[in-house]
Amino acid sequence: EYTHGQVWRFQHFGTMDNTGNAADSVDSNNDSETNFYEFATGQSPFDATRMSPSMIRNGANLEFTYTRSKAAVLDGVTFTVEWSDTLAGAAWSQTGVNETTVGDDGTLQSIRATLPAGNSGKRFLRLRISNP
């Protein structure tokens, strides 16, 4: 049985092998997003697109919304929203982050991560995407 990632790789590169231009670590279209990132976020590795999350402040909370591929989730890819008030290496946290699916078209899911805005006057967010 093939993984969804292998099928995606075959559809776009004609091979299921994680090598050459089809390798997960390659940026096929030079948009600063690797093939793995493009697969995980439901993009084409050849279009000049970039994942465009959004963030708004809603009262005492921040709402960070991003898109992920359901195929990637089925393959065990994890999506983790983390925050930091200092950007120091070990200062990233998942504490207080709650995620809700706010859209699902059968292929892509729109996920809203809600977390406290904090008291420092600044809060940085990142989306970490990891292969199993």
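Reply: The structure holds seven salt bridges, where a salt bridge is a side-chain nitrogen of Lys or Arg within 4 Å of a carboxyl oxygen of Asp or Glu. This is a predicted model, in which local features need pLDDT of at least 70 and side-chain atom pairs count only at pLDDT 80 or more, while totals for chains, interfaces and linings use all residues. Residues are numbered from 1 along each chain as its sequence is written, and side-chain values use heavy atoms, with hydrogens and water left out.

One of the salt bridges joins Arg112 and Glu63, with an N to O distance of 3.9 Å. Arg112 belongs to strand S5 (residues 108-116) and Glu63 to strand S2 (residues 61-69), so this pair ties together parts 49 residues apart in sequence. Strands (E, at least two residues) are DSSP runs, numbered from the N terminus. Arg112 is partly exposed at 31% relative accessibility, whereas Glu63 is buried at 14%; buried means under 20% relative accessible area, exposed over 50%, and partly exposed in between (1.4 Å probe, protein chains only).

Glu82 and Arg126 form another salt bridge, their closest N and O atoms being 2.7 Å apart. Glu82 is buried, with a relative accessible area of 3%, and Arg126 is partly exposed, with 31%.

Asp85 and Arg123 also meet in a salt bridge, at 2.8 Å from N to O. Asp85 lies in the loop between S3 and strand S4 (98-104), and Arg123 in the loop between S5 and S6, 38 residues apart. Both of these residues, Asp85 and Arg123, are buried. Finally, salt bridges with shared partners join Glu82, Arg126 and Arg128 into one network.

How values were computed: Helices (H or I, at least four residues) and strands (E, at least two) are DSSP runs, numbered from the N terminus.
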